[in-house]
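User: I would like to learn how to read the features of a two-part protein model. Please take them in turn, giving the general idea and then the case at hand.

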Amino acid sequence: MTSLLRFPGGRLVGHAAFVIIIWFLIMRLNDSVDPLANYYIALVAMYATAMFGMVILVGLSGQVSLGNGALMAVGGYVFAVTSLHWQTVPILGVPWNGWWSMAFAAVGGIVVGLLIGGIAARLRGPYLAGLTLGLAVGVPAIANRFPELLGGESGLMITVPYPDGGYAPVEEEVFVDGTVEGQSGDASSVAVPSAEATVSPDDMLTLDNFPAADASAAAPSVDASVSPDDMLTLDNFPAADASAAAPSVDASSGDLGATDLSGAGDLIDAGFIIERWQAGLAITVACIAAFIALNLVRGRQGRVWRAVRDDSIAAAVSGISPAKAKVSAFAVSSLFAALAGAVFAQILSYVGPGAFGLGLSLSLLVGVVLGGRSSLLGAVIGGLLLVWLPEFVLSLAERGGWEDQITNNAPNLIYGLLVVLVVLLAPGGIVGSVQLLISKVTRRAPKGV
Amino acid sequence: MTSFIDYLIGGVSNGAVIALMAIALVLIWRATRVVNFAQVGQAMFTTFVALTVQTVTGSWVLALAVAMVAGAILGVIVQFLVLRPMRRADTSGAIIATFGVLIALQAAVGMIWGGDAQAYPQPFDNAGIVAFGRIWPISVYDLVVIGVTILLVVALSLLFTRTSIGLAMRASAFNPEVARLSGVRVSRVLTFGWALAGVVGAVAGVLVAPSSTVSPTTFDILLVFAFTAAVIGGLDSLVGAVALGVFAGLVISLVSGLSNSGNAPVVALILLALSLITKPDGVFGHHKARAV
């Protein structure tokens with residue numbers, strides 16, 4: 001594992017400068033847009049964080065994992081439980097704050113990642129995919145096993161540690177009560193139905209032969225409205241603000257080129273905006289993750305992962321341990337997933353089995369495949385797609401007057417079909433295709449991935 | 001002790017359904033070295049087709065038959081549109097593509113039939129059979145499920161051992177190149193394998209539907225159980241898939257009965273992880289030396 005930490009010096013500074021500039025620009029953008037756009041930015045940053053890990057795991061080390069949603073659950077639950085139960089830091093005795101929870105989530109992610117990676121390193125493609133599929137379904141179910149600690153089906157509501165709770169000082173403004181309440185109200189309206197929805201899959205094979213014993217179990221599963229849009233649990237969040245969706249989407253897609261900074265000069269601080277603060281947190285975490293990922297991917301470790309992916313025998317002959325490489329890829333991707341999970345928990349102010357289900361894992365896979373399996377930029381584009389497409393479909397649906405059941409499922413249908421098409425026609429995803437196009441125009445060989 | 005035995009007996013019909021789904025996975029793996037994670041999506045689609053047929057006509061047998069035909073067609077479509085054009089080298093791609101199909105199929109089901117869980121009408125008596133002075137934890141419907149499964153397994157083994165198409169399937173799975181040289185039309189045989197797997201998966205879906213509700217994502221957990229059974233059974237072995245499928249049903253029934261139904265996925269995960277640690281090629285699998 002020591003090779004993980006061997007950063008090349010010159011690149012380190014370059015990457016740091018690059019990431020800081022990006023961080024600064026996106027933070028300025030974040031300050032200049034309305035709360036709904038902040039919310040979208042937070043989601044994109046959260047997805048990007050998790051998908052940096054997917055790029056390393058799926059793209060570079062060639063291990064198709066569906067378990068990263070479950071690893072996000074690890075991060076989210078560690079964050080929730082530590083921030084709910086610990087007032088002071090053990091041993092040190094200083095007051096607890098959100099950053100400590102984030103640190104614990106990160107450590108938890110690495111530990112679980114090493115554990116799973118240890119098993120996964122022995123496995124080939126479909127076996128690994130199946131094991132991680134089991135993780136995606138099994139890990140959220142663990143929450144039901146410990147209802148006192150983890151809240152069971154209904155999950156845990158967490159009070160996000162606001163800046164005066166110990167986070168870096170942002171604005172010393174008084175909270176606007178309405179904003180805070182509105183936020184938590186929205187979170188519960190999203191969270192509760194999706195949490196109930198997970199009842200029915202679990203009951204699937206249990207309602208058979210013991211009518212008396214299982215009658216109570218049957219009741220919830222019948223009226224549980226299993227939402228097919230579980231995949232993106234937040235789809236219905238902005239339903240009330242649908243009219244505001246279109247302009248804000250434009251704003252958030254502008255942060256790729258970071259050119260849309262026209263409004264950045266006049267910061268309107270009309271009070272503390274929780275969405276803006278959450279987005280700032282998500283952006284910061286994503287940038288830290290991007291910095292780590294850039295150094296790993298473009299350094300020696302990235303070459304090690306690619307070597308093992310392309311030909312593990314040749315890699316072993318060259319003195320690389322394929323098992324170590326696979327485990328380290330798992331650990332890094334798990335770290336990123338746990339950080340993303342902790343951020344997700346704060347965006348939702350909630351953790352629950354429904355929020356971290358198979359759908360989340362699948363959407364991470366979709367995002368990373370569409371954006372570009374082996375490109376960090378692809379992860380960001382994938383995150384944008386995951387947030388933008390449902391909103392785009394919603395706006396189309398409003399214009400076309402579609403039925404709800406069409407609207408709710410259209411994004412996933414598009415995702416599924418796009419994934420198949422991308423795998424068949426353009427395995428490099430959006431970024432890979434653009435690179436290929438550029439190399440054709442300039443008549444140079446494409447950069448190795 | 002009686003409750004322990006009751007749970008075991010009650011688990012057999014669940015195990016039969018898991019075994020069927022595991023067989024579907026094994027059939028495709030043997031033929032094309034692809035684990036078809038979309039299998040439960042296909043089964044969900046055909047189960048909703050069956051539900052529609054049954055609501056219109058009221059006939060369970062007709063619904064089952066239509067689902068089987070739909071399963072075969074859907075299997076062929078997936079193979080033709082997705083797996084056949086796939087580049088052979090891209091193993092990650094094949095896995096990802098089957099998940100893409102799963103996502104799309106679940107969304108399509110949600111579009112056509114809605115995302116809410118729907119009850120599937122119980123075709124036979126689902127109360128415990130009363131005999132020898134007690135109520136047994138097994139119903140007429142469970143017996144039907146077990147019977148249909150046995151019938152299907154026997155038919156499949158006859159197909160593989162006694163018919164020329166079965167021989168061709170075994171030859172194509174064993175060595176496609178040699179099979180092609182011997183005059184087997186391998187690509188047709190592979191397509192037939194996909195259709196067959198679609199039929200078996202469709203039967204599994206229709207059989208399990210009355211004992212739960214049906215919604216686009218209900219079968220996700222069945223995929224995990226079936227995959228677990230298929231992997232522990234070796235992914236290559238029909239016998240293994242059946243044995244481990246039934247075994248998984250028994251374990252799940254025990255766990256659900258003795259503790260809590262929510263623990264079943266966790267137990268499946270533990271079983272899967274343990275078996276992969278100790279025997280990465282499965283219990284019934286053909287052990288092949290593998291480089292590195």
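Analyst: This is a predicted model, in which local features need pLDDT of at least 70 and side-chain atom pairs count only at pLDDT 80 or more, whereas totals for chains, interfaces and linings use all residues. Residues are numbered from 1 along each chain as its sequence is written, chains are lettered from A and ligands numbered from 1 in the order in which they are written, and side-chain values use heavy atoms, with hydrogens and water left out.

User: How many helices and strands does chain B have?

Analyst: Helices (H or I, at least four residues) and strands (E, at least two) are DSSP runs, numbered from the N terminus. Chain B has 11 helices and 4 strands; for chain A the count is 18 helices and 2 strands.

User: What percentage of the residues in chain A is buried?

Analyst: A residue is buried under 20% relative accessible area, exposed over 50%, and partly exposed in between (1.4 Å probe, protein chains only). Of the 449 residues in chain A, 57% are buried; of the 292 residues in chain B, 61% are.

User: How is the size of an interface given, and what area do chain B and chain A bury between them?

Analyst: The size of an interface is often given as the accessible area lost when the parts come together. Buried area is that loss (1.4 Å probe), summed over both parts. Chain B and chain A bury about 5700 Å² between them, with 73% of it on carbon and sulfur atoms. B:Ile96, B:Ile103 and B:Met111 supply 12% of the area that chain B buries against chain A, more than any other three residues.

User: How many residues of chain B are in contact with chain A, and which element gives the largest share of that side?

Analyst: Contact means heavy atoms within 4.5 Å. By that rule, 75 residues of chain B are in contact with 62 residues of chain A. Several elements of chain B each supply at least two residues of this side, among them helix H1 (2–32), helix H4 (91–113) and strand S3 (134–139). The largest share, 16 residues, comes from H4(B).

User: What does helix H4 of chain B show at the level of B:Ala97?

Analyst: B:Ala97 lies in this helix and counts as buried because its relative accessibility is 0%. Leaving aside neighbours within four places in sequence, B:Ala97 is in contact with A:Val420, A:Val423, B:Val82 and B:Met86. B:Ser92 also has its place in helix H4 of chain B, and is buried at 13% relative accessibility. Not counting residues up to four places away in sequence, B:Ser92 touches A:Gly62, A:Val64 and A:Arg373.

How values were computed: Buried area = accessible area lost by both parts, 1.4 Å probe.
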